[in-house]
Amino acid sequence: MANELDEMTGPVNEAGRDAHVIEKQIAVKTDWRSTLFQVVLWVLGIIPGLIFAIMKIKAKSYLQQLQQKIQHDASTIDNYQVQRVVILENAAKLLEKSVDLDKTVFADVAKYRSGNVSDAERNEFQGKLETINSKINFALERYPELKSQVTIADCMQQNRYLQQEITAAREAYNDTVMRWNTEIFAWPTKMIVAAKAGYTTRIPFTASKEMKDKSESVLF
């Protein structure tokens, strides 16, 4: 029997294919079969019905705990991003003493000092920080002698460290979101509980178009 997927003979998409995260939340829904399943358990006896009732209670508790884990992971991202805002603001102040820095940098960075962002705004928040970071890096490229200043070099080093921490935190967040999206469709117990509670899938972190475009450009 031939291989269903044969890398030697194709078909091959020469143009390549980019992957995108679909911004859509899918609601958990059950049909008559789930209702019938529960009825049958009670028909079979009180014990099977009680056992499944206890399983649903445990499943609800588990999903509630998982929601808290998602909130914790999201909060970790926000905390690192707020720290990065402070670092970028300090770097902007140091550069302003030496060069005529783009005035919008201070206005932009001030908007994000609070770090109070929703799930929907979190990706946009990250994109704005990258724009501010790009402006600061552009100023440093125009005046390379500034890179030798200890305070500026220290700020940029901290900025790079925080970006690495944000990347790791986003990975942890996406892992928990994937776990949630999988568990709420685990039939019968968790799916029945999730449907009754009105739960939906969650959208993982996605990179902005600007960052995707930069990743495809020549950097060196």
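Helices, in the sense used here, are DSSP runs of H or I with at least four residues, and strands are runs of E with at least two, numbered from the N terminus. By that definition the protein, which is a predicted model, has seven helices and zero strands, and the pattern read along the sequence is α-α-α-α-α-α-α. Of its 220 residues, 32% count as buried, while the accessible surface comes to about 14400 Å², with 58% of that area belonging to carbon and sulfur atoms. Among the contacts with a separation of 6 or more, 79% are made by residues 24 or more positions apart.

In soluble globular proteins, nonpolar side chains tend to be buried together. Here the largest nonpolar core has 17 residues, and those with the most contacts inside it are Val28, Leu63, Tyr173, Trp180, Ile184, Ala194 and Tyr199. Helices α2, α5 and α6 each supply at least two residues of this core, and α2 gives the most, with six residues. Apart from this core lies another one, of 12 residues, which includes Ile87, Ala91, Ile136 and Met156.

Leaving aside neighbours within four places in sequence, Leu63 is in contact with Trp180, Glu183, Ile184, Lys190, Val193, Ala194 and Tyr199. Tyr199, for its part, lies in the loop between α6 and α7 (209-215), and it counts as buried because its relative accessible area is 13%, where the cut-off is under 20%. Not counting residues up to four places away in sequence, Tyr199 touches Ile26, Ala27, Val28, Leu63, Gln64, Gln67, Trp180 and Ala194. With Val28, the separation is 171 residues in sequence but 6.1 Å in space, C-alpha to C-alpha.

What joins the side chain of Arg84 to that of Asn159? The link is a polar contact of 2.7 Å, and the arginine that takes part in it lies in helix α2 (residues 46-96). With a relative accessible area of 1%, Arg84 is buried.

A pair of aromatic rings is described by the distance of the centres and the angle of the planes. A search of the whole structure finds three aromatic pairs, one of which is formed by Phe37 and Trp187, with 5.1 Å from centre to centre and 55 degrees between the planes. Phe37 lies in helix α1 (residues 32-44), whereas Trp187 lies in the loop between α5 (150-183) and α6 (189-197), so the pair ties together parts that are 150 residues apart in sequence. Both partners count as partly exposed, Phe37 at 27% relative accessibility and Trp187 at 45%. Ring pairs also link Phe37 and Trp187 with Phe52 into a cluster.

Charged side chains meet aromatic rings as well. The charged end of Lys190, one of the residues in contact with Leu63, sits over the ring of Tyr62 at 4.6 Å from its centre. Arg202 lies over the face of Trp180, 5.1 Å from the ring centre, and Trp180 is itself among the residues with the most contacts inside the largest nonpolar core.

Definitions and conventions:
Residues are numbered from 1 along each chain as its sequence is written. This is a predicted model: local features need pLDDT of at least 70, side-chain atom pairs count only at pLDDT 80 or more; totals for chains, interfaces and linings use all residues. Side-chain values use heavy atoms; hydrogens and water are left out. Rings of Phe, Tyr and Trp (its six-membered ring) pair if their centres lie within 6.5 Å; planes under 30 degrees apart count as stacked, over 60 as edge-to-face and the rest as tilted. Buried means under 20% relative accessible area, exposed over 50%, partly exposed in between (1.4 Å probe, protein chains only). A charge sits over a ring if NZ of Lys or CZ of Arg is within 6 Å of the ring centre and within 35 degrees of the ring normal. Contact means heavy atoms within 4.5 Å. Accessible areas come from the Shrake-Rupley method with a 1.4 Å probe; for residues, only the protein chains shown count as cover. A polar contact is a pair of N or O atoms within 3.5 Å; within protein, one must be able to donate a hydrogen and the other to accept it, and residues adjacent in sequence count only if both atoms are side-chain atoms. A nonpolar core is a set of buried Ala, Val, Leu, Ile, Met, Phe, Trp, Tyr and Cys residues joined through side-chain atoms within 4.5 Å.
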